[in-house]
Amino acid sequence: QVQLVESGGGLVQPGGSLRLSCAASGFTFSNYIMSWYRQAPGKERELVAFITSVGGRTNYADSVKGRFIISRDNAKNTVYLQMNSLKPEDTAVYYCKAVVGPGYWGQGTQVTVSS
């Protein structure tokens, strides 16, 4: 079975940093695009970043470009999201998604940016 487990969320002050991790299992991790989404209260889920399998190309939402970095460690079946210079508007539940079959989601991890 495909499983995605996010970790690393929490409460952070504006300007601070967090690193999210998503541990994947149940599929050949290195063959697939991995992505991070987020959903703030009352808002639709939005794509934050993705990273491809072949070539390791990355892309980011304009709102996070220059602040967030997506990376993957295929040996560990893990995708990361390094979040720097965090803003209150980054507050959301962050979800890992694997572009496999119908698409698979992790359970989400809460990130709260507040003073």
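This is a predicted model: local features need pLDDT of at least 70, side-chain atom pairs count only at pLDDT 80 or more; totals for chains, interfaces and linings use all residues.
Residues are numbered from 1 along each chain as its sequence is written, and side-chain values use heavy atoms, with hydrogens and water left out.

Let's begin with the core. In soluble globular proteins, nonpolar side chains tend to be buried together. By nonpolar core I mean a set of buried Ala, Val, Leu, Ile, Met, Phe, Trp, Tyr and Cys residues joined through side-chain atoms within 4.5 Å. Buried is under 20% relative accessible area, exposed is over 50%, and partly exposed is in between, using a 1.4 Å probe and protein chains only. The largest such core here has 30 residues, and those with the most contacts inside it are Met-34, Trp-36, Val-79, Leu-81, Met-83 and Tyr-94. At least two of the core residues come from each of β3 (18-25), β4 (34-39), β5 (46-51), β7 (68-73), β8 (78-83), β9 (92-98) and β11 (109-113). Those labels follow DSSP runs numbered from the N terminus: strands are E with at least two residues, helices H or I with at least four.

Take Met-83 as an example. Leaving aside neighbours within four places in sequence, Met-83 is in contact (heavy atoms within 4.5 Å) with Gly-16, Ser-17, Leu-18, Leu-20, Arg-67, Phe-68, Tyr-94 and Val-111. Is Gln-82 buried or exposed? At 15% relative accessibility, Gln-82 counts as buried. With neighbours within four places again left aside, its contacts are Ser-17, Leu-18, Arg-19, Arg-67, Phe-68 and Ile-69. The side chain of Gln-82 also makes a polar contact of 2.9 Å with that of Asn-84. A polar contact is a pair of N or O atoms within 3.5 Å; within protein, one must be able to donate a hydrogen and the other to accept it, and residues adjacent in sequence count only if both atoms are side-chain atoms.

Now to β4. Of its 6 residues, 5 are buried, so this strand is largely enclosed by the rest of the structure. Which strands does β4 pair with? Pairing needs at least two DSSP bridges between two strands. β4 pairs with β5 in the antiparallel sense over 5 bridges, and 6 bridges join β4 to β9, also antiparallel. Tyr-37 stands opposite Leu-47 in β5, and Arg-38 stands opposite Tyr-94 in β9. The hairpin of β4 and β5 has 6 residues between the strands, and there Gly-42 takes a positive phi near 75 degrees.

Side chains of opposite charge can pair when their charged atoms come close. A salt bridge is a side-chain nitrogen of Lys or Arg within 4 Å of a carboxyl oxygen of Asp or Glu, and the structure holds 3 of them. Arg-38 meets Glu-46 at 2.8 Å, N to O. Arg-38 is buried at 6% relative accessibility, whereas Glu-46 is partly exposed at 31%. Arg-38 also bridges to Asp-90, with the closest N and O atoms 2.9 Å apart. That pair links distant parts of the chain, with Arg-38 in β4 and Asp-90 in the loop between β8 and β9, 52 residues apart. Asp-90 in turn forms a salt bridge with Arg-67, the closest N and O atoms being 2.7 Å apart. Here Arg-67 sits in the loop between β6 (58-60) and β7, 23 residues from Asp-90. Asp-90 and Arg-67 are both buried. Through shared partners, Arg-38, Glu-46, Arg-67 and Asp-90 join into one network.

How many disulfides are there? A search of the whole structure finds 1, a disulfide being a pair of cysteine sulfur atoms within 2.5 Å. Cys-22 and Cys-96 form it, their sulfur atoms 2.2 Å apart. The link is left-handed, with -80 degrees about the S-S bond. Cys-22 lies in β3 and Cys-96 in β9, so the pair ties together parts that are 74 residues apart in sequence. Cys-22 is buried at 0% relative accessible area, and Cys-96 is buried at 0% as well.

Last stop: Ser-30, in the loop between β3 and β4. Ser-30 is partly exposed, at 32%. Beyond neighbours within four places in sequence, Ser-30 is in contact with Ser-53, Arg-72 and Asn-74. Ser-30 and Lys-76 are 46 residues apart in sequence and 9.9 Å apart in space, C-alpha to C-alpha.
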